[in-house]
Amino acid sequence: MAKEQDKESDKLALLNEMERHRKQMLSNQTAWRKANLSCKLAIDNSEKDDLLQGGDSSARQRKTTKQSLAQTSSAITESLMSISRMMSQQVHQSEETVATLATSSRTVLETNEEFKAMTGTIQLGRKLITKYNRREFTDKLLIFLALALFLATVVYILKKRLFPFL
């Protein structure tokens, strides 16, 4: 799944998450093996002690040993079920994290596309405003020149009518 991500940071995040879960799984396996080994050692020690104590109550000791074996077996089973539940919870949490990460990645990509579209619109608006500012300046200059021509014409006409000898 990490290979399918577009951004390097997303890939690294997924790979780190995967590595963390792999380490958790390995530590759970190690804990299970240690628990299993310690139970086997306890059973062996118990049997060794039973053998060293003597033989009168061997039937009673076998019954006690069977009970202790059953208790040990149920304890190991409970421990394994607990480890299994923990691993299941970790897998479920990882799935939720990956789903959240994928959703946020899609959201970021959509937002990036919108920003690109907005950038194009803003640049077009900037060009239009610059163009309208140039036209406004040109219009003001033409109005000023027309007014100057009009005033020069008025002055010329007044000069010819009021002072014909000049």
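Is histidine 21 buried or exposed, and what relative accessibility does histidine 21 have? At 16% relative accessibility, histidine 21 counts as buried, a term for residues under 20% relative accessible area, with exposed meaning over 50% and partly exposed in between (1.4 Å probe, protein chains only). The model is predicted, so that local features need pLDDT of at least 70 and side-chain atom pairs pLDDT 80 or more, while totals for chains, interfaces and linings use all residues. Residues are numbered from 1 along each chain as its sequence is written, and side-chain values use heavy atoms, without hydrogens and water.

Histidine 21 belongs to helix H1, helices being DSSP runs (H or I) of at least four residues, numbered from the N terminus. Helix H1 comprises 46 residues (8–53) and reaches 67 Å from its first C-alpha to its last. The side chain of histidine 21 makes a polar contact of 2.8 Å with that of glutamate 17. Beyond its neighbours within four places in sequence, histidine 21 is in contact (heavy atoms within 4.5 Å) with Gln90 and Ser94.

Glutamate 17 is also buried, at 19% relative accessible area, and its side chain meets that of arginine 20 in a salt bridge (2.6 Å, N to O). A salt bridge requires a side-chain nitrogen of Lys or Arg within 4 Å of a carboxyl oxygen of Asp or Glu. Arginine 20 is partly exposed, at 43%. By this rule the count comes to three salt bridges, among them one between arginine 22 and glutamate 19.

Methods: Helices (H or I, at least four residues) and strands (E, at least two) are DSSP runs, numbered from the N terminus. The expected span of a helix is 1.5 Å times one less than its number of residues. A polar contact is a pair of N or O atoms within 3.5 Å; within protein, one must be able to donate a hydrogen and the other to accept it, and residues adjacent in sequence count only if both atoms are side-chain atoms.
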